[in-house]
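Please look over the sequence and the coordinates before turning to the notes.

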Number of protein chains: 2
Amino acid sequence: MTKKINWLILLSLLPLLTMAQGKKSFTLDDLLPGGSTYSQMQPRNIHTTWWGNQCIEVDLEECREINPKDGSKKTLFTLEQLNQWLGADKDKPAVRSCYNIEFPDGEQPHVATIISGKELPDGSRTQVYAVVDFTTGKRVATVECPADASLQDLAASSKYLAYVRQHNLYVATADGKNMAVSTDGSNDLVYGEAVHRNEFGITKGTFWSPDGQQLAFYRMDQSMVPDYPQVDITTRIATTYPDKYPMAGEAMHKVTVGVFSPASGKTVWLQAGDPTDRYFTNITWSPDSRKVYMIELNRDQNHAELVRYDAATGTKEAVIYEENHPKYVEPMHGLLFLPWDDSKFIYQSQRDGFNHLYLFDLSQTTEGNEQKGADGATYREYVKATQLTSGKWVVKDVVGFSTKEKSLLFCSNEIHPLQSNIYKVRVKDGKRTLMDNGEGVHNASLNADGSLLLDRFSSPTVARSVNLTHTKNGKTCNVLTAEDPWKDYNVPEISSGSIKAADGVTDLYYRMVKPVDFDPTKKYPTVIYVYGGPHAHNVDASRNYLTRGWEIYMAQKGYLIFVLDNRGSEHRGLAFENVTFRHLGEEEMKDQMEGVKFLKSLPYVDADRMGVHGWSYGGFMTTNLMLTYPDVFKVGVAGGPVVDWQYYEVMYGERYMDRPQDNPEGYKNSGLRPKAGNLKGKLQIIIGYNDPVCVPQHSLSFLRACIDAGTHPDFFVYPGDEHNMMGTDRIHLHERITQYFEDYLK
Amino acid sequence: MTKKINWLILLSLLPLLTMAQGKKSFTLDDLLPGGSTYSQMQPRNIHTTWWGNQCIEVDLEECREINPKDGSKKTLFTLEQLNQWLGADKDKPAVRSCYNIEFPDGEQPHVATIISGKELPDGSRTQVYAVVDFTTGKRVATVECPADASLQDLAASSKYLAYVRQHNLYVATADGKNMAVSTDGSNDLVYGEAVHRNEFGITKGTFWSPDGQQLAFYRMDQSMVPDYPQVDITTRIATTYPDKYPMAGEAMHKVTVGVFSPASGKTVWLQAGDPTDRYFTNITWSPDSRKVYMIELNRDQNHAELVRYDAATGTKEAVIYEENHPKYVEPMHGLLFLPWDDSKFIYQSQRDGFNHLYLFDLSQTTEGNEQKGADGATYREYVKATQLTSGKWVVKDVVGFSTKEKSLLFCSNEIHPLQSNIYKVRVKDGKRTLMDNGEGVHNASLNADGSLLLDRFSSPTVARSVNLTHTKNGKTCNVLTAEDPWKDYNVPEISSGSIKAADGVTDLYYRMVKPVDFDPTKKYPTVIYVYGGPHAHNVDASRNYLTRGWEIYMAQKGYLIFVLDNRGSEHRGLAFENVTFRHLGEEEMKDQMEGVKFLKSLPYVDADRMGVHGWSYGGFMTTNLMLTYPDVFKVGVAGGPVVDWQYYEVMYGERYMDRPQDNPEGYKNSGLRPKAGNLKGKLQIIIGYNDPVCVPQHSLSFLRACIDAGTHPDFFVYPGDEHNMMGTDRIHLHERITQYFEDYLK
């Protein structure tokens with residue numbers, strides 16, 4: 001039922017853009033986020049939001065309704081009007097753009113925004129959530145919180161505002177009350193914040209019930225977790241600041257979940273038992289606001305349980321579903337209840353080897369017998385469950401429901417591993433309909449009832465296209481087709497293709513950026529850009545195959561750039577990803593060396609001038625490749641690398657490596673220090689001096705090992721920067737990376 | 001009365017060693033301390049000590065008496081004997097060499113050494129000071145202290161042993177007692193340790209009275225001094241360790257001085273008044289053990305008082321002497337009482353502009369009227385004082401007294417600014433006699449009564465010569481003349497000479513190391529090695545003009561090396577040194593640029609390939625030169641640099657710069673961050689990651705400034721190393737430094 005399109009292979013034979021002499025050249029500022037000219041070099045875009053079922057374009061000056069029939073636009077209100085309604089002076093606007101407004105109350109003509117409130121004795125100002133009726137200009141709700149409140153979470157239905165202040169959780173109300181949910185918060189004990197270092201799909205720490213009357217929240221005791229000593233050099237005398245960092249195999253924080261009722265002022269704790277060495281994730285409210293579901297994992301991450309609690313008492317009511325895997329399970333998504341049936345929800349699982357959708361029916365309990373999934377996975381369903389989608393492709397994103405059609409919209413790479421296309425699936429029978437043009441990479445969002453789809457897409461040949469599509473019949477209307485912003489520039493030839501992985505059977509996809517003014521009779525210095533880790537990909541069928549600006553810059557300097565998504569990367573199924581289990585780096589490098597073999601087969605690649613660059617996991621890969629294949633790679637730049645997985649954190653680290661005490665060989669073999677003496681080429685390590693992700697101990701311990709082994713890596717730090725360099729530092733960084741290849745690979 | 005020898009200038013015209021093709025080349029290991037072959041490439045040496053008036057050679061295997069008439073040697077005892085006397089088993093020696101023995105009891109046949117004592121429950125062993133009669137083999141004294149005792153200080157006369165343990169001070173006795181002098185010691189409050197960061201000549205924190213019955217000691221409250229956050233990356237999870245670091249202009253520790261009597265077990269405190277912002281230095285006992293003298297400075301360091309205290313009560317008795325200087329005074333030496341007259345002592349002062357000797361007579365008090373010294377210095381003598389030496393040269397070192405002749409022996413550079421020669425001065429009338437050959441650089445020590453002088457010297461043409469000289473008549477006997485250990489090596493031409501400073505009048509001395517196989521028709525890349533700060537010099541008339549091994553290595557690689565001691569460096573008088581006051585770097589750079597001017601006048605110096613390298617103050621100079629003269633220097637390597645004097649410590653920093661709040665312009669202009677945008681050439685900053693002297697904040701803040709200014713320094717750190725790299729790290733470091741010049745200056 002899906003049409004396989006081979007245009008990717010066709011396209012790889014044809015340069016995307018022919019050589020164009022006399023055209024303009026890029027600067028790093030043109031090409032990198034943080035560059036002064038970056039935004040004007042991007043394809044034009046529009047910002048949109050939904051007001052109930054209506055699509056709204058927002059910009060600096062006004063909000064406009066977009067007509068889904070013809071894409072025509074009509075002003076809803078202006079920034080000036082909004083400021084008038086908020087009672088602001090002309091020269092002292094309360095809001096400076098319409099970008100951050102919301103329509104919180106469904107179809108009601110209400111707009112919400114955050115403005116500054118009253119001045120406090122210390123000169124700071126409160127933050128105010130102001131909701132205005134834009135037909136009357138009248139304020140319909142005001143919720144105020146302190147100047148230093150963070151992580152605000154507004155319950156639209158009740159206008160209760162949860163927020164965090166100095167690790168304590170509070171709720172403010174529209175009638176001016178401020179309730180403390182906790183009072184003993186500290187750096188050791190945090191409330192209302194995202195936990196488990198944002199793994200398992202966790203992005204926040206507060207969860208309002210649908211009726212807005214109850215607040216589920218995380219409480220995390222991290223008193224047993226040591227601080228990594230981060231140093232702030234900007235104080236008069238340098239100081240350390242505490243940064244709790246649970247390293248693999250070491251003591252881990254303990255999480256509990258509370259439910260606070262603003263009406264009673266009381267908190268009930270979910271009776272999940274001893275939280276030691278357990279993960280509580282994907283908190284979901286039942287549609288009737290009476291139950292809380294969460295997924296519970298053991299520390300080994302090979303067993304997950306979906307459990308239901310009674311919100312009023314905290315009592316554990318039932319285990320709904322269980323999943324085991326000999327390597328790991330990784331539930332990333334909460335429950336999606338059907339809008340038309342409170343007894344059914346959609347659940348995502350990789351139990352058949354690919355991420356797919358399952359329909360669970362709470363009204364039909366079952367025995368819960370153990371059943372077999374793929375590759376040793378087992379599971380138990382305690383209510384009736386039906387697989388909605390299947391196949392050797394993955395559901396990448398659930399967009400939402402179409403209530404009228406009783407269907408679900410999602411994105412998958414069914415058409416091609418590099419693509420992301422929008423499908424509609426009928427919940428009743430799993431009937432699937434492609435909702436887009438079947439090309440490129442699409443992102444989508446839905447209006448309130450799911451009748452209208454906003455489809456943003458790009459492909460190797462389409463810079464950006466935004467369309468409004470009727471879910472029912474697929475009728476579509478173009479809202480924006482962006483011009484190619486680079487048409488006057490000498491853009492290098494960018495192509496994509498596939499090679500076989502080191503296992504001989506798996507297809508791996510690559511991107512190649514040829515030097516500008518490419519001459520196939522010449523031999524070019526070649527740089528492999530690599531990431532290689534899970535939960536990421538570097539090549540897809542979006543604009544320019546996802547080429548990073550730096551690659552364009554390097555192509556302009558005369559380098560050929562090659563990027564290959566090895567096994568271990570995302571969107572290709574669980575076996576593709578978990579082949580790296582307990583020996584990170586090994587299979588990934590084998591695949592990258594297949595890339596090298598392919599490159600060496602190309603007459604225009606200079607095998608004597610090969611370099612490699614990557615950041616984070618890619619820094620690990622870069623360093624590892626330099627040390628493992630010292631005769632292949634002459635120059636490497638490794639940013640924020642992992643050097644020893646025992647210095648990485650518990651959640652991510654132990655998922656892929658188990659604990660150091662349970663996998664000593666794996667930790668030893670994947671560590672880079674023992675290979676420090678192998679270094680032959682030029683390797684520069686670059687880190688943010690305040691990196692809280694790959695803490696400096698990684699790189700510093702590697703330098704120590706190299707010094708002891710008598711080898712000579714280079715090193716640079718960005719003081720004050722964390723895991724990634726932002727803004728102008730990003731430009732500086734890429735000047736530096738480029739110069740290193742210029743100095744030593746040319 | 002002194003003979004000026006112009007051989008330095010003569011020598012500079014003649015290469016020290018002619019080019020010798022076919023000879024061996026050096027490795028870094030040959031040339032640098034820490035190198036595996038370094039010690040065998042050094043001129044032969046002997047280790048000596050004194051047993052009363054007798055000179056003793058010590059080595060691995062035995063102690064020998066040296067006959068001062070002919071240099072002949074006779075075994076005194078062997079290591080094997082010593083171990084027998086100490087009751088050690090044959091295969092478990094108590095002492096492994098004779099290098100660290102002492103003869104503590106004058107002419108008595110007693111030898112003292114430290115051995116391991118009894119095993120404690122935790123497996124550690126106590127430390128034992130064992131004194132043995134080497135005529136009978138009998139133990140004559142045993143003093144025991146804990147395994148973790150440090151800073152041991154033995155009073156020979158009483159065999160009381162002072163030591164420090166976990167910041168508390170203790171005294172152990174030969175009859176097995178251990179007394180706690182303090183009990184509240186902590187990182188915030190330290191006892192018995194050197195204070196004021198070892199400035200003002202301070203090297204220790206305990207001072208036994210001559211009779212060994214009383215112990216003066218420092219107590220330092222540093223609770224108000226913040227810790228610089230040093231990070232240890234060798235722990236499982238990196239940790240910080242506290243390192244009290246008082247930065248210029250910030251809160252400073254408070255020092256008090258106690259006197260402990262082991263007999264009474266009581267401590268008396270010297271009543272010196274409020275210790276806030278004051279320095280107490282150069283603690284000296286009166287010969288009768290009844291008085292304690294110390295020199296007291298204000299925080300501004302422009303006023304010093306020599307004060308006497310009663311040791312029994314702590315009462316302040318009298319101010320003996322006062323000195324003021326509009327820039328700074330810097331007393332570095334305690335009082336030297338004449339062995340034949342307890343009422344007189346020798347005092348050193350720079351009040352006439354050069355460090356000279358003064359004889360103070362406590363028996364003759366005076367009015368103490370203000371008198372004028374050089375360049376605005378003033379002083380008040382409250383007892384009669386007579387200047388013993390004078391002239392435009394400096395007393396570098398006092399060797400000791402000849403009791404019989406009632407004279408003092410000292411070293412000075414009277415003959416030539418680069419030399420150090422031994423003189424005898426008669427205390428009665430200041431009659432001065434040269435005691436050595438008038439060449440090179442001499443170091444000396446005296447026997448108990450000062451009748452015999454051990455004179456060690458080297459010169460540009462003499463690798464090492466050790467002689468015993470009779471103080472009375474200058475009759476001398478050679479003990480060792482070392483062969484040139486480099487005679488089979490291709491040693492570069494090393495020369496010295498002088499140029500005028502930027503002031504147009506002052507002579508500055510340089511060393512030049514020419515490339516091996518020098519060809520005057522070629523043009524060579526040239527590297528300036530620089531230190532440039534106070535209390536140091538890089539050029540003198542010792543072996544090879546004090547050439548550092550790395551210079552030889554670089555000459556071998558084809559570089560010309562130039563080293564110039566600019567104004568601000570040591571041994572040239574106060575005005576030469578303090579011209580830099582309140583604007584460090586400025587005059588020093590002007591002088592170095594005179595060196596550049598000179599270099600550019602040489603046909604074989606390639607002015608387009610000039611580099612600069614230095615460490616610490618020299619790192620400050622290197623970075624400053626790169627930023628101030630970006631068109632002159634192409635490549636620089638700056639080690640452990642000062643970047644901003646406000647990050648340096650109070651004592652040294654404020655002496656030369658005053659407090660930041662009192663000299664904002666000076667701090668601004670001497671700081672390197674504002675010049676970060678000037679960087680054009682290649683500059684590599686290298687630091688010890690745990691540098692407690694020039695803390696990492698210097699270099700890191702400079703990197704930040706460069707990143708912000710869009711310039712590109714390079715950077716490297718040695719994790720675990722402090723201000724200097726030692727051992728094999730030193731080899732690694734110099735490989736790295738060399739490679740940088742090879743990569744970018746060649």
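The notes below go from the whole assembly to single residues.

The structure is a predicted model. Chain A can be laid on chain B by a turn of 180 degrees with a shift of 0.0 Å along the axis, at an RMSD of 0.1 Å. That is the relation of a two-fold axis. Chain A contains 11 helices and 44 strands.

**Symmetry and the contact between the chains**

- In chain A, the C-alpha nearest the axis belongs to A:Phe715 and lies 3.0 Å from it.
- The contact between the chains joins 34 residues of chain A with 34 residues of chain B.
- Four elements of chain A each supply at least two residues of the side that touches chain B: strand 16 (239-241), helix 10 (697-709), strand 44 (714-718) and helix 11 (727-744).
- Helix 10 of chain A gives the most to this side, with six residues.
- By class, the side of chain A that touches chain B is made up of 19 nonpolar, nine polar and six charged residues.
- Of the interface residues of chain A, 100% are also interface residues in chain B, so the copies meet through the same surface.

**Overall form of chain A**

- A compact globule of 746 residues would have a radius of gyration near 27 Å, and the value for chain A, 27 Å, agrees with this.
- Taken along the principal axes, the C-alpha atoms of chain A fill a box of roughly 70 × 65 × 60 Å.
- Of the 746 residues of chain A, 50% count as buried.
- Among contacts in chain A between residues at least 6 apart in sequence, 57% join residues at least 24 apart.

**Domains of chain A**

- Chain A is divided into domain 1, covering 186-342, and domain 2, covering 486-744.
- The centres of domain 1 and domain 2 of chain A, taken over C-alpha atoms, are separated by 33 Å.
- Their contact takes 19 residues from domain 1 of chain A and 22 residues from domain 2 of chain A.
- The side of domain 1 of chain A that touches domain 2 of chain A has eight nonpolar, five polar and six charged residues.

**Nonpolar cores**

- In soluble globular proteins, nonpolar side chains tend to be buried together.
- The largest nonpolar core has 202 residues, and those with the most contacts inside it are A:Ile561, A:Phe562, B:Ile561 and B:Phe562.
- Leaving aside neighbours within four places in sequence, A:Ile561 is in contact with A:Val513, A:Val527, A:Tyr529, A:Glu551, A:Met554 and A:Ala555.
- Another core, of 105 residues, lies apart from the largest one and has A:Ala112, A:Val143, A:Val181 and A:Tyr328 among its members.

- Helix 4 of chain B is mostly covered, with eight of its eight residues buried.
- Among these buried residues are B:Gly549, B:Trp550, B:Glu551 and B:Ile552.
- The cover over the buried residues of helix 4 of chain B includes helix 2 (28-31), strand 38 (507-513), strand 39, strand 40 (560-564) and helix 11 (728-744) of chain B.
- Helix 4 of chain B is followed by B:Gly558, which has a positive phi near 100 degrees.
- B:Thr547 lies in the loop between strand 39 (524-530) and helix 4 (549-556) of chain B.
- B:Thr547 is buried because 26 other C-beta atoms lie within 10 Å, where the cut-off for a buried residue is 20 or more.
- Not counting residues up to four places away in sequence, B:Thr547 touches B:Ile494, B:Arg511, B:Val513 and B:Ile552.
- From B:Thr547 to B:Ala180 the separation is 367 residues in sequence and 48 Å in space, C-alpha to C-alpha.

- B:Lys159 is a residue other than glycine with a positive phi, near 60 degrees.
- The loop that holds B:Lys159 runs between strand 8 (150-155) and strand 9 (160-165) of chain B.
- B:Lys159 is buried, with 21 other C-beta atoms within 10 Å.
- B:Ser289, also a residue other than glycine, has a positive phi near 65 degrees.
- B:Ser289 is placed in the loop between strand 19 (278-285) and strand 20 (291-298) of chain B.
- B:Ser289 counts as partly exposed, with 17 C-beta neighbours inside 10 Å.

Terms used:
Residues numbered from 1 in each chain as written. Chains lettered and ligands numbered in written order. Predicted model: local features only at pLDDT ≥ 70, side-chain atom pairs only at ≥ 80, totals over all residues. Least-squares fit on C-alpha atoms with pLDDT ≥ 70 in both. Contact = placed C-beta atoms within 7 Å. Nonpolar A, V, L, I, M, F, W, Y, C, P; charged D, E, K, R; others polar. Domains from an automatic or database assignment. Rg over C-alpha atoms; globule rule 2.2 N^0.38 Å. Buried ≥ 20, exposed ≤ 12 C-beta atoms within 10 Å, placed from the backbone. Core = buried A, V, L, I, M, F, W, Y, C linked by C-beta atoms within 7 Å.
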